[in-house]
Amino acid sequence: MHREGHYGTALMAAAVVVLVAGLPLAVITVPVVIAFTMVPDVDQQIGFIKHRGVTHTILFAVTVGGIVGAAVIAWIQFAVKEFEVMFTVFPWGVQPLRTGAVMGAAATLSLLVHIFTDTLTVGSGRFGIHPFWPVSSQQIRFGFCKAANSWANHLLFGAGVVIFSTVVWLRLAFPWLPSLSAVFGVAG
Ligand SMILES: [Zn+2]
């Protein structure tokens, strides 16, 4: 799928995050979901990596999520030591492990959504998606449209905007709805 379609499905995933996690956690996870959604297609810029190859696998999604999580934990621990004061601005206080875990999970989710979105296209052979590599070279392909189909890209983007906006409105209108934020001990 092209950029527009990927941002559409990323917004749908972000809507699920807002719905399940609640707004306080969504504030730190939704930007990660949006920011990472085009990462697998960096393979188009790097000559020696095959497009729709290793960056379109579950292994890649989990590895990058782990690196993001570890980096966030390390950064928060460092920052807390160096600039204690700045963290008093966060209503939920300092929770490096939890914050790192949820941000890492958000990155993995974003990459998995990208891979899934590409399986909707007709790409096969050289452009096939093999998400289980290296465990299995099974190709997954739903083949609804070409990646460049502008109607499909518009539709996904439009649906993403509508679904995401609706869920944010729901959360704002009904703040008492249960969420994971409460489980994580985050205020709100
Ligand atoms: Zn892709």
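**Figure 1. Helix 1 against helix 5 in the predicted model: a left-handed crossing.** The pair is formed by helix 1, residues 3–21, and helix 5, residues 150–173. Their axes come within 7 Å. The crossing angle is roughly 20 degrees. Angles under 35 degrees count as roughly parallel, so helix 1 is roughly parallel to helix 5. The contact between helix 1 and helix 5 contains 17 nonpolar residues, six polar ones and two charged ones. Helix 5 also has the highest mean pLDDT among the elements of the chain, at 96.

**Figure 2. Helix 3 against helix 4: a right-handed crossing.** The axes of helix 3 and helix 4 come within 7 Å and cross at roughly 155 degrees. Angles over 145 degrees count as roughly antiparallel, so helix 3 is roughly antiparallel to helix 4. Residues of this contact divide into 19 nonpolar and eight polar. No charged residue takes part in the contact of helix 3 with helix 4.

**Figure 3. The largest nonpolar core, with 35 residues.** Which residues have the most contacts inside this core? They are Ala13, Ala14, Val17, Val18, Val33 and Ala106. Five helices each supply at least two core residues: helix 1, helix 2 (23–36), helix 3 (58–82), helix 4 (96–119) and helix 5. Helix 1 gives the largest share, 10 residues. In soluble globular proteins, nonpolar side chains tend to be buried together.

**Figure 4. The cis peptide bond between tryptophan 133 and proline 134.** Omega is near 5 degrees for the bond from tryptophan 133 to proline 134. Most residues other than glycine have a negative phi, and most peptide bonds are trans. Where does proline 134 lie? Proline 134 is found in the loop between helix 4 and helix 5.

**Figure 5. Arginine 52, a residue with positive phi.** Arginine 52 is not a glycine, yet its phi is about 60 degrees. The residue sits in the loop between helix 2 and helix 3. Is arginine 52 buried or exposed? A residue is buried if 20 or more other C-beta atoms lie within 10 Å of its own. Arginine 52 has 22 of them within 10 Å, so it is buried.

**Figure 6. Valine 54 and threonine 55 in the loop between helix 2 and helix 3.** Valine 54 has 15 C-beta neighbours inside 10 Å and therefore counts as partly exposed. Threonine 55 has 22 other C-beta atoms within 10 Å, so threonine 55 is buried.

**Figure 7. Arginine 126 in the loop between helix 4 and helix 5.** Arginine 126 has 9 C-beta neighbours inside 10 Å. A residue with 12 or fewer is exposed, so arginine 126 counts as exposed. How far apart in space are arginine 126 and valine 33? Their C-alpha atoms are 27 Å apart, and 93 residues separate the two in sequence. Valine 33 is one of the residues with the most contacts inside the largest nonpolar core.

**Figure 8. Helix 6, the element with the lowest mean pLDDT.** Helix 6 spans residues 180–183. Its mean pLDDT is 72, the lowest among the elements of the protein chain. For the whole chain the mean pLDDT is 90. Of its residues, 91% reach 70 or more. Where pLDDT is low, the predicted coordinates should not be read in detail.

Technical notes:
Residues numbered from 1 in each chain as written. Predicted model: local features only at pLDDT ≥ 70, side-chain atom pairs only at ≥ 80, totals over all residues. Axes fitted to C-alpha atoms, helices over the stretch in contact; angles between N-to-C directions. Helix = DSSP H or I, 4+ residues; strand = E, 2+ residues; numbered from the N terminus. Parallel < 35°, antiparallel > 145°, perpendicular 65-115°, else oblique. Left-handed = near helix turned anticlockwise from the far one by under 90°. Nonpolar A, V, L, I, M, F, W, Y, C, P; charged D, E, K, R; others polar. pLDDT = per-residue confidence, 0-100. Core = buried A, V, L, I, M, F, W, Y, C linked by C-beta atoms within 7 Å.
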